[in-house]
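Here is a friendly tour for anyone with the model open on screen. We will go through strands, helices, salt bridges and the ligand site in turn.

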Amino acid sequence: MNFELTDEQKDIIKAAREFAEKEFPDIAQECDREEKTPDHLWKKACDLGFVGVFIPEAYGGPGLGYLEHCLINEEFWRVDPGIGLSILSTCFGSEMILLFGTEEQKKKWLPLIVRGEAITGAAITEPDAGSDVSSVTTTATLVGDEYVINGNKMFISNGTRAKFLQVLCVTEPNAPSLHDRFSVITVETDRKGFEATQLKHKLGIRASDTTEITLTDVRVPKENLIGTAGRGFQQFMSFFDHTRVHVCGQAIGVAQGAMEQAIKHVRQRQQFKKPLASFQATQFKIAEMATRIEAGRTLYQKAAWFLDQGKLNSSLISMAKWFTGETAVRVTDEALQLHGGYGFIGDYAIERFYRDAKIVEIYEGTKEIEKLIIARALLGKY
Ligand SMILES: Cc1cc2nc3c(=O)[nH]c(=O)nc-3n(C[C@H](O)[C@H](O)[C@H](O)COP(=O)(O)OP(=O)(O)OC[C@H]3O[C@@H](n4cnc5c(N)ncnc54)[C@H](O)[C@@H]3O)c2cc1C
């Protein structure tokens, strides 16, 4: 057994940290306030090889693992979660092509993502289909050689920036089993009938693009089907097993960044003629934050490592996603508390981190859904 990261992984962390520390702080507040994605940084990050590191060399990537992608997420989110998400979510959805696409589809789409020539995304959620993915109603009907797609998608990341999205649709409405009615179809966003509207005034991660999408008679060639018709639900469940660990990296990054801000503040701020850091109550808070972060990091790195070894463990991934999500929310809360009233005022980054952290308990499976997956593995299905 070896808990040490490789030299290559340590170099990746160092490079990601240097990039984020150099590029993010000056624009972080502005991107949050004005709800804008810093696309020039996405391009730079692609040039430096930070985007889509799990994509194999045959499709233009460096062929590293999901663990390396998590490590970069952690470093970016440590400096600014919103900007980190706006850069690294640009390859969210590529996992579906990697896992289920044909050789031709992989060669067509994946190199564009790594080179910074295209942004992608995954569109599952609908106004009435969130945690319950099987209640998706967007339809894709095969007419001749084309799918004709109609429906509405909700909360879709990168909807206004993406060149193409992996969309979950009902294609086999009459299949006896509900779970065998869906398919995944790549939809190019310049197709007639595709419309994305940015959702404004989010609580956090405001430097990222979250959208509502309307698909009205959108026609795509039948070759845009990813994987097998009728297996879309199962494909997305497998997809989430691969993408949830990335959220763990985000969660530990935002927690780590918040703790470092708290440490800096309690060393400087004096009350009762002493630094806040000298009070045992403060020391206990810092010790608890550091321990939770370390436990979360160890848990998610184990889950990601197993994934990269081809030993997928859904329950372990869900444990990591729930635990790191809760860690992010708790640590940012305590870190803000240690800033007192100053934490409540927007001049300090901790206020933004506190708002940004909440999303990791919601997207890609809420913490309640993660617990259901863990319990199901132990108790069976009820
Ligand atoms: C900023 C942002 C970005 C997003 N990006 C994307 C994206 O790119 N693509 C995409 O497809 N979706 C995306 N989502 C959607 C996200 O995945 C969903 O919001 C999430 O899955 C929860 O669905 P919901 O919001 O409909 O909540 P609901 O499913 O309505 O859940 C509400 C509450 O009820 C709980 N609940 C639901 N069912 C159960 C149950 N059986 N047992 C116990 N508790 C339950 C939930 O845990 C939650 O606390 C994004 C969301 C946000 C906010």
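## Strands, helices and a ligand site

Strand 2 (residues 139–143) and strand 3 (residues 146–157) run antiparallel and are joined by five bridges. This is a predicted model, in which local features need pLDDT of at least 70 and side-chain atom pairs count only at pLDDT 80 or more, while totals for chains, interfaces and linings use all residues. Residues are numbered from 1 along each chain as its sequence is written, and side-chain values use heavy atoms, with hydrogens and water left out. Helices (H or I, at least four residues) and strands (E, at least two) are DSSP runs, numbered from the N terminus. Two strands pair if DSSP finds at least two bridges between them. Buried means under 20% relative accessible area, exposed means over 50%, and partly exposed is in between (1.4 Å probe, protein chains only).

**Strand pairing**

- Across from Thr139 you will find Asn150, which belongs to strand 3.
- Two residues sit between the strands in the hairpin of strand 2 and strand 3, where Gly144 takes a positive phi near 65°.
- Strand 3 also runs antiparallel to strand 7 (residues 210–221), with nine bridges joining the two.
- Within that pairing, Ile149 stands opposite Val218 of strand 7.
- Val148 is found in strand 3 and is buried, its relative accessible area being 9%.
- From Val148 to Leu178 there are 30 residues in sequence, and 21 Å in space from C-alpha to C-alpha.
- Strand 1 (residues 120–123) gives a parallel example: strand 1 and strand 4 (residues 164–170) pair over four bridges.
- The bridge partner of Thr120 in strand 4 is Phe164.
- In a regular strand, side chains alternate between the two faces of the sheet.
- In strand 1, Thr120 and Ala122 point one way and Gly121 and Ala123 the other way, and all are buried.

**Helices**

- Where does helix 4 (residues 66–79) stand, enclosed or open? Helix 4 is largely enclosed by the rest of the structure, because 14 of its 14 residues are buried.
- The end C-alpha atoms of helix 4 are 21 Å apart, which agrees with the 20 Å that its 14 residues should span at 1.5 Å a residue. The expected span is 1.5 Å times one less than the number of residues.
- Lys106 is found in helix 7 and counts as buried, because its relative accessibility is 14%.
- Lys106 and Asp347 are 45 Å apart in space, C-alpha to C-alpha, and 241 residues apart in sequence.

**Salt bridges**

- A salt bridge here is a side-chain nitrogen of Lys or Arg within 4 Å of a carboxyl oxygen of Asp or Glu, and by this rule the count comes to 30 salt bridges.
- Lys36 and Glu34 form one of them, with their closest N and O atoms 3.5 Å apart. Both partners count as partly exposed: Lys36 has 33% relative accessibility, and Glu34 has 43%.
- Another salt bridge links the side chains of Lys107 and Glu103, at 3.5 Å from N to O. These two are four residues apart in helix 7 (residues 103–114), so about one helical turn separates them. Glu103 is partly exposed, at 42% relative accessible area.
- An α-helix has 3.6 residues a turn, so residues three or four places apart point the same way.
- What is the distance between the closest N and O atoms in the salt bridge of Arg355 with Glu351? The closest N and O atoms of Arg355 and Glu351 are 2.8 Å apart.
- Arg355 and Glu351 lie in helix 12 (residues 349–357), four residues or about one turn apart, and both are buried. Salt bridges with shared partners join Asp32, Glu35, Arg206, Glu351 and Arg355 into one network.

**The ligand site**

- Which residues come nearest to the ligand? Thr125, Ser131, Phe155, Thr366 and Glu368 come nearest, of the 19 residues around the ligand. A residue is near if one of its heavy atoms lies within 4 Å.
- In the side chain of Ser131, an N or O atom is 2.7 Å from an oxygen atom of the ligand.
- Ser157 has a polar backbone atom 2.9 Å from a ligand oxygen atom.
- For Glu368, a polar side-chain atom lies 2.7 Å from an oxygen atom of the ligand. Taken alone, the ligand exposes 980 Å², and the protein buries 64% of that; accessible areas come from the Shrake-Rupley method with a 1.4 Å probe.

Terms used:
A polar contact is a pair of N or O atoms within 3.5 Å; within protein, one must be able to donate a hydrogen and the other to accept it, and residues adjacent in sequence count only if both atoms are side-chain atoms.
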